Amino acid sequence: MVASSLKLQELIQEIREAKTQAQEREVIQKECAHIRASFRDGDPLHSHRQLAKLLYAHMLGYPAHFGQMECLKLIASPRFTDKRVGYLGAMLLLDERQDAHLLITNSIKNDLSQGIEAVQGLALCTLSAMGSAEMCRDLAPEVEKLLLQPSAYVRKKAVLTAVHMIRKVPELSDIFLPPCAQLLHERHHGVLLGTVTLITELCERSPAALKHFRKVVPQLVHTLRTLVVTGCSTEHSVSGVSDPFLQVQILRLLRILGRNHEESSETMNDLLAQVATNTDASRNAGSAVLFETVLTIMDIRSAAGLRVLAVNILGRFLLNSDRNIRYVALTSLLKLVQSDHSAVQRHRPTVVECLQEPDASLSRRALELSLALVNSSNVRTMTQELQGFLESCPPDLRADCASGILLAAERFAPTKRWHIDTILRVLTTAGTYVRDDAVANLIQLIGGAQELHAYSVRRLYSALAEDISQQPLVQVAAWCIGEYGDLLLEGTCEETEPLQVEEDMVLTLLERVLQSHMSLPATRGYALTALMKLSTRLHGDNNRICQVMSIYGSCQDVELQQRAVEYNALFRKYDHLRAAVLEKMPLVERGGPQVNEEAKESKEVAQLSEAAPVPTETQVRGPEDPWGKSMVQLPCPALTLLSSLQASKLLDLLDLLDGPSENAQHPPPLDPTPGDTLIHLLDLPCAPLPSAPIPNLKVYEREGLQLTLSFVRPPGTPTLLLITVTATNTSGGDVTHFICQVAVPKSFQLQLQAPSGDTVPAQGGLPMTQLLRILNPNKAPLRLKLRLTYDHFGQSVQEIFEVNNLPVETWQ
Amino acid sequence: LSKYYEHVEINKRRLLETEVIKSCLSRSNEQCSFIDYKDFKLIYQQYAAVFIVVGVNDTENEMAIYKFIHNFVEVLDDSFSRVSELDIMFNLDKVHIILDEMSLSGCIVETNWARILVPLQILDKILDS
């Protein structure tokens with residue numbers, strides 16, 4: 001078998017001529033077979049050529065592991081060409097995982113001690129590229145000897161091999177520490193560079209070394225100064241800057257040495273200023289040095305003037321036409337903005353310009369930086385520009401931009417109206433990208449700003465009329481229209497142009513939202529509730545709304561169906577409560593009442609153990625004072641409903657229903673959104689009462705306002721007493737803000753349910769009713785203390801009185 | 001042609017290389033030369049049909065590496081007189097030597113053209129003899 005021994009060039013030629021992947025594979029496989037054969041046969045003259053070909057094949061991606069032993073053989077051979085290829089092969093093919101690599105150790109050791117520079121260089125190179133921990137330990141003393149060799153070529157390689165060794169085996173750093181100081185006095189740049197790297201590595205690894213090397217700071221300073229000041233030695237200059245690589249490396253070392261250390265930082269201050277001013281920034285090399293200088297200034301304890309200088313340099317970078325420099329500047333400014341905020345502020349306009357970059361990573365950094373630079377004085381202009389950016393930016397940045405704008409608006413909004421405007425604008429441009437809680441935040445914001453209700457509802461209405469696809473916008477708009485529909489229809493508002501809105505248009509719009517394919521189920525829920533609320537706000541008849549409700553009573557979506565059925569129930573059975581249930585929400589304080597409701601309702605759940613058809617509000621048991629502490633407060637209807645809503649989540653009302661209900665099998669998953677003042681009206685109170693009727697008792701009368709108590713003892717529960725308080729008004733003036741508080745003696749338990757309203761209209765209008773439930777386990781005589789507060793005829797009245805003459809049947 | 005200064009398993013190398021090459025090729029002219037890739041930074045430069053990519057960790061100065069790439073190409077230019085990708089392919093081993101001379105175990109050793117090319121010339125002399 002004659003193995004044709006191709007030269008490497010010819011092989012490459014052949015491979016290039018192969019037209020297809022398959023052909024190329026063929027050629028290579030044939031050649032590999034030859035190579036394998038020749039390795040077996042041991043052809044010493046040409047083995048290096050074979051190995052070279054094998055390495056080429058390896059570069060192309062074909063398996064070449066069978067060449068490993070050959071590498072070893074070649075390394076051991078005395079000829080330089082063999083050695084070279086062998087070492088190259090070792091670097092490429094062998095790595096720590098292979099068992100064969102340890103075998104090289106011996107060869108390397110021999111080569112290192114030989115004294116031929118080139119060979120030593122090769123060996124060092126290979127050692128640093130793939131030396132494993134064991135190899136390093138074995139060969140450390142050799143390398144150390146080489147550090148002091150007369151030949152600069154070997155020294156520079158030895159130094160860097162030492163770096164590699166220290167990375168692998170940190171304990172060896174002790175060996176390499178002493179020679180460093182001497183090596184620093186080198187004139188040869190290569191060795192100097194290597195030494196500086198070595199010292200950097202040592203300092204990074206151990207604080208002891210750090211202290212040791214602080215002494216050399218003056219030396220380094222001196223070297224760097226000579227570099228900078230004494231023009232360029234042509235040997236090392238790169239486009240006008242003398243040996244930028246060495247400068248950069250020294251600066252990095254100075255950074256590490258000066259971090260958190262006052263003394264060294266002081267020595268460096270002048271030098272850094274000098275470097276910064278002397279270096280020419282128009283070429284890349286100069287920029288590299290300046291950049292490193294800036295980083296160093298930032299890290300050490302430098303003077304304030306120096307820091308400002310650094311920021312200015314970065315600012316100048318930003319104006320540079322080279323993209324890379326701008327990128328680098330933006331990244332560093334981002335790091336700086338926390339510590340040197342005011343200095344960075346000066347460059348704000350330039351940063352904002354960078355938003356327009358076509359490169360995505362640049363514009364992202366510019367965006368982050370701009371968001372960090374927003375403060376109360378520039379918030380208006382910045383938001384303007386950021387919104388312009390939002391409209392044109394690529395989709396992956398939109399979410400960040402939108403949430404950034406919203407956050408900045410929240411922190412620095414000068415007026416509420418501006419805040420609402422900004423959020424509106426963000427929602428219209430990038431609605432789908434905002435975070436989920438933006439909707440809740442906006443609703444809370446609008447709810448809290450009473451003077452802006454009319455304004456916001458108008459803006460939202462017009463926005464909604466144009467476009468119903470942006471879900472967060474639609475949700476907020478639906479909620480607003482529902483709450484403040486009457487303001488919308490009023491027709492005049494100073495802050496926007498007059499907008500004539502008819503009831504029909506509003507209803508049509510909401511219906512459109514309900515039916516649109518683009519609406520999420522949550523959005524539909526909002527729209528449905530809004531429609532319901534409008535039934536009390538609008539003055540027309542409610543047929544249309546009733547219709548919608550009955551249609552949705554059989555909707556597929558469980559949530560919508562539930563709501564629709566409940567609203568139907570409101571229309572049909574409990575019409576008298578509709579106005580109260582759907583009243584406007586009170587002004588919301590941020591983070592206040594919601595929190596309390598949560599805490600209260602968890603207590604509620606524990607107490608609502610009996611068959612309570614309707615969830616109720618808090619009850620307070622007062623141990624000491626029979627009257628005082630057990631006063632039960634009636635919160636406003638809306639908040640009541642909110643808390644009952646949350647309580648209802650925790651009760652499984654299916655078991656508690658005894659009345660018929662159309663929505664049979666479903667869990668009650670109502671989201672407690674702040675805009676949803678829905679009570680779980682599955683079956684309003686009043687269990688049937690067949691027992692002997694107890695006479696009513698009139699307990700209070702003043703100026704036409706009468707308070708009557710009527711009692712019911714349900715047959716099944718002997719300790720339970722239901723009292724209905726009815727307030728009627730026969731006078732000429734309305735009674736408003738009516739609040740009734742009740743207290744009972746210690747052994748009793750009292751539950752107050754929501755009143756039907758807080759206004760008792762004049763001339764015998766709709767009476768106000770309220771239900772009390774009293775548990776009397778001890779069958780003690782019942783007494784009540786009532787406290788009334790209300791406004792009548794323009795005066796506020798407060799009354800406290802006791803009711804002792806309750807009929808015996810109520811408590812026996 | 002690739003050189004690793006940290007231990008990376010051989011089969012992972014190919015995967016890494018393909019991914020890196022893909023991300024570099026997909027960048028247009030408009031974008032800057034630095035890419036963030038996993039937890040490294042990639043700095044690349046395109047010269048006609050040749051891409052040179054250097055991967056560094058976070059602490060390195062990107063601009064310095066950028067200059068290094070440029071320096072490397074200049075040295076290649078010098079030794080091959082107007083280098084093209086064919087030259088690199090046919091003289092793989094020489095390119096390796098140059099690279100070894102310039103950077104060792106991940107750090108820059110020598111940036112002076114004259115000094116780098118000296119060993120190469122010695123080598124050529126030995127080969128010819």
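## Chain B at a glance

Chain B has 5 helices and 5 strands, taken as DSSP runs numbered from the N terminus (helices are H or I with at least four residues, strands E with at least two). Along the sequence the pattern reads α-β-β-β-α-α-α-β-β-α. This is a predicted model, with local features needing pLDDT of at least 70 and side-chain atom pairs 80 or more, while totals for chains, interfaces and linings use all residues. Residues are numbered from 1 along each chain as its sequence is written, chains are lettered from A and ligands numbered from 1 in written order, and side-chain values use heavy atoms, leaving out hydrogens and water.

Of the 129 residues in chain B, 48% are buried (under 20% relative accessible area, 1.4 Å probe, protein chains only). Its accessible surface is about 6,500 Å², 54% of it from carbon and sulfur atoms (Shrake-Rupley, 1.4 Å probe).

## A helix pair in chain A

Over in chain A, the axes of helix 4 (residues 68-76) and helix 5 (residues 80-93) come within 7 Å and cross at roughly 145 degrees (lines fitted to C-alpha atoms over the stretch in contact, angles from 0 to 180 degrees between N-to-C directions). Residues in this contact (heavy atoms within 4.5 Å) include A:Leu74 and A:Ile75 of helix 4 and A:Tyr87 and A:Leu93 of helix 5.

## The chain A sheet

Chain A also has an open antiparallel sheet of 5 strands, ordered 3-4-5-8-7. Strand 3 (697-702) and strand 7 (749-752) each have a single partner strand, so one side of each lacks a neighbour in the sheet (pairing takes at least two DSSP bridges). Strand 3 pairs with strand 4 (residues 705-712) over 5 bridges.

Conventions. Buried < 20%, exposed > 50% of the residue type's maximum accessible area, 1.4 Å probe, protein only.
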